[in-house]
Amino acid sequence: MTLLLTAVLSLVLLPLGLAKLAAAPVMRQAAAHLGMSVRLYRVVGALEVAAVAGLLTGLAWTPLGVAAATGLVLLMTGAAVVHLRHGDPPLRAVPAAVMTLIALTYAATAMTAG
């Protein structure tokens, strides 16, 4: 189960994190919309990429995967809150909320399995 959850989180977050790090035009627009600097958005991207690395490493060493999933829970919860605080419709916060739930499921599964 952790392999599947790792794959889902990685396939979603790695491209988004890399796009933020590269300051792709769509990510620059998203940062501006949320009132964030491109530099801060790059930090968010770096955290996403680091979380993916942690999840992948967690397949071999569970504590790191659980730590990465915990960080993702915090990061994605923050993302949902930021969207809502900036007046986005609640639907815009759903992807971050779903990633939060998947990361929570990963952490719970990994801790009970290992």
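Which residues in α1 meet which residues in α5? The points below take up this contact and the parts around it.

1. This is a predicted model, in which local features need pLDDT of at least 70, side-chain atom pairs count only at pLDDT 80 or more, and totals for chains, interfaces and linings use all residues. Residues are numbered from 1 along each chain as its sequence is written, and side-chain values use heavy atoms, with hydrogens and water left out.

2. On the α1 side, the contact (heavy atoms within 4.5 Å) is made by T2, L5, T6, V8, L9, V12 and L13, which meet M99, I102, A103, T105, Y106, T109 and A110 in α5. These residues divide into ten nonpolar, four polar and no charged. Here Ala, Val, Leu, Ile, Met, Phe, Trp, Tyr, Cys and Pro count as nonpolar, Asp, Glu, Lys and Arg as charged, and the others, Gly among them, as polar. Helices are DSSP runs of H or I with at least four residues, numbered from the N terminus.

3. The angle between α1 and α5 is about 150°, and their axes lie 10 Å apart. Axes are lines fitted to C-alpha atoms, for helices over the stretch in contact, and angles run from 0 to 180 degrees between N-to-C directions. The two helices are therefore roughly antiparallel, a term for angles over 145 degrees.

4. Helix α4 (residues 62-85) also packs against α5 (residues 94-113), at an angle of about 160° with the axes 8 Å apart. That makes α4 roughly antiparallel to α5. From α4, T62, G65, V66, A69, L72, V73, M76, T77, A79 and A80 take part, and they meet α5 residues including A96, M99, Y106 and M111. The contact of α4 with α5 holds 15 nonpolar, four polar and no charged residues.

5. The largest nonpolar core has 29 residues, of which L9, L13, L55, L72 and Y106 touch the most other members. Such a core is a set of buried Ala, Val, Leu, Ile, Met, Phe, Trp, Tyr and Cys residues joined through side-chain atoms within 4.5 Å. Helix α4 gives the largest share, eight residues.

6. Y106 touches T2, L5, T6, L9, L55, G58, G65, V66 and A69, leaving aside residues up to four places away in sequence.

7. H83 is found in α4. H83 is buried, with a relative accessible area of 14%, where buried means under 20% with a 1.4 Å probe, protein chains only. Not counting residues up to four places away in sequence, H83 touches L34, D88, R92 and A93.

Key:
Angles under 35 degrees count as roughly parallel, over 145 as roughly antiparallel, 65 to 115 as roughly perpendicular and the rest as oblique. Buried means under 20% relative accessible area, exposed over 50%, partly exposed in between (1.4 Å probe, protein chains only).
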